[in-house]
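Reader: Could you walk me through how the helices and strands are arranged here? I would like to begin with the sheet.

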Amino acid sequence: MSGSVIIKNKIKSFNKSISVPGDKSISIRWLILASQAIGKSRAYNLLESDDIRNTISSIRSLGVKIKKSKGHCEINGVGLNGFNDNKNITINAGNSGTFARLFCGLIAKSENKFKLIGDKSLSKRDFSRVIKPLNKFGIKFLSNNNKLPLIIEGTSFLRPITFEEDKGSAQVKSAIMITSLNTPGETVIKCIPSRNHTELMFKHCLKIPIKINKRGKYEIIKVQGMKQFKGFDYNIPGDISSAAFFIGLTILSNNSKLLIKKVNINKSRSGIIEILKRMNAKIKLMNKKFYYGEEIADIKVESSNFLRSIKCPKKLNTKSIDEFLIIFLICANAKGISEFNNIHELRQKESDRLKVASNFLRQIGIKVVEKIGSLKIYGNPNLKLDNRFEVKGFLKDHRVFMMSCIAALTMGGNFKIHDKDSVNSSFPNFLKILKKLGASIN
Ligand code: S3P
């Protein structure tokens, strides 16, 4: 049973300071890269969620020792291609698209066969995006029409590739980069820019040769493989994708203020801040610092009464890919028609987020025009809900659940929102923090 919540009252005004859990993308990358380092690595503030638990248990099944203590997680790295894997291991990635895609590169050089499985949502997602480039390296895949379960067979004769990545997918780019670690020579990726945590870790933590150049709208990334690297410690900053729901909550609430401390505002992730500033939201970044190339800041946000619509520039799409659901909800409250183009990748997430968002917004009385890769939202700053709403059938997509809670707490109405356990993928204490801010949730 996955449970449901009932929200009948809007949240009252608040003025508080919170922290959100560690960044999910960085937590997964740290686990994957530290497992291949030589010697010990420690992470502080590693995200504790189902996606991370599945990552840890999968890496343990490759013979890597991982110790979790209060406050930190320690990995005894085995060096490149040092896994002690047995035959026919089944890896369960659960709900995590990122771990599943990156895993395909992690065992590139193992000649054992791995079976990769996942939950119902992950089993509907496309893997041709990683199968295609990794095939070129020499890795073999058997799949169910490019979907899970996958049977993966690596090779000790990996050959370097040149690949053009045109979706702006950090998962694809990172799966290739992780494969390049075990590949002799230079791997070249021509890609649409996307979150760059893997590049930053390669450069600042692993200190392995990586070159990045801009060419028009593309980035050219070149990695020299077969370079061993040492263990590294990492203090993981807060996840902006989790902070996004509290930013939305505050903007849409009355007379409220919130400080969200130590959030990763890396430019490749903080499209939401740029979008909200353009929409006239009251949001500020304070105490900016750099850490291993990542930029970290405290986010100060206030209720914002005069929101205006946005025609979202396409270059912000990959920078806000996981935040669109909450951005759409904010647009539903803004004056004017907001427009988002070239966002078909939203259909490839834990659920078809373009369809789910359109259905949700229509359900609360907002006019939308949904096309295959675009969305128009006719905002209504005077929207007040007093009906009953039931939100279900969203493939347990954690971000749909959280967006629905924010809608219920800021717009009124009487909401029953299903699948509350979905938050365990990325943000297990989501409801607890909402309650700390005064939300009444049953
Ligand atoms: C992620 C990349 C994005 C994002 C996902 C996390 C990552 O997916 O939506 O939640 O950590 O690399 P795509 O690479 O499919 O865009």
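This is a predicted model: local features need pLDDT of at least 70, side-chain atom pairs count only at pLDDT 80 or more; totals for chains, interfaces and linings use all residues.

Reader: Fine. Which residue stands opposite Val369 in E21?

Author: Val369 stands opposite Lys376, and in the same strand E21 Tyr378 is the bridge partner of Lys367.

Reader: And how many bridges join E20 to E21?

Author: Strand E20 (residues 367-371) and strand E21 (residues 374-378) run antiparallel and are joined by 5 bridges, forming a hairpin that has 2 residues between the strands.

Reader: What is the order of the strands in the open sheet?

Author: The order is E18-E19-E21-E20, an open sheet of 4 strands with mixed pairing. Strand E18 (311-312) and E20 stand at the edges with a single partner strand each, so one side of each has no neighbour in the sheet.

Reader: Which helix lies across E20 and E21?

Author: That is H10, which runs at about 160 degrees to E20; such angles run from 0 to 180 degrees between N-to-C directions, with axes fitted as lines to C-alpha atoms, for helices over the stretch in contact.

Reader: Switching to helix pairs: at what angle do H10 and H11 pack?

Author: Helix H10 (residues 353-363) and helix H11 (residues 398-411) pack at about 20 degrees with their axes 11 Å apart, which makes them roughly parallel (under 35 degrees; over 145 is roughly antiparallel, 65 to 115 roughly perpendicular and the rest oblique).

Reader: Which residues in H10 meet H11?

Author: Arg353, Val356 and Phe360 in H10 meet residues in H11 including His398, Met403 and Ala407, where contact means heavy atoms within 4.5 Å.

Reader: And at what angle do H5 and H6 pack?

Author: Helix H5 (residues 170-180) and helix H6 (residues 197-206) pack at about 30 degrees, with axes 9 Å apart, and are therefore roughly parallel to each other. In H5, Lys173, Ser174, Met177, Ile178 and Ser180 meet Thr198, Glu199 and Phe202 in H6.

Definitions and conventions. Residues are numbered from 1 along each chain as its sequence is written. Side-chain values use heavy atoms; hydrogens and water are left out. Two strands pair if DSSP finds at least two bridges between them.
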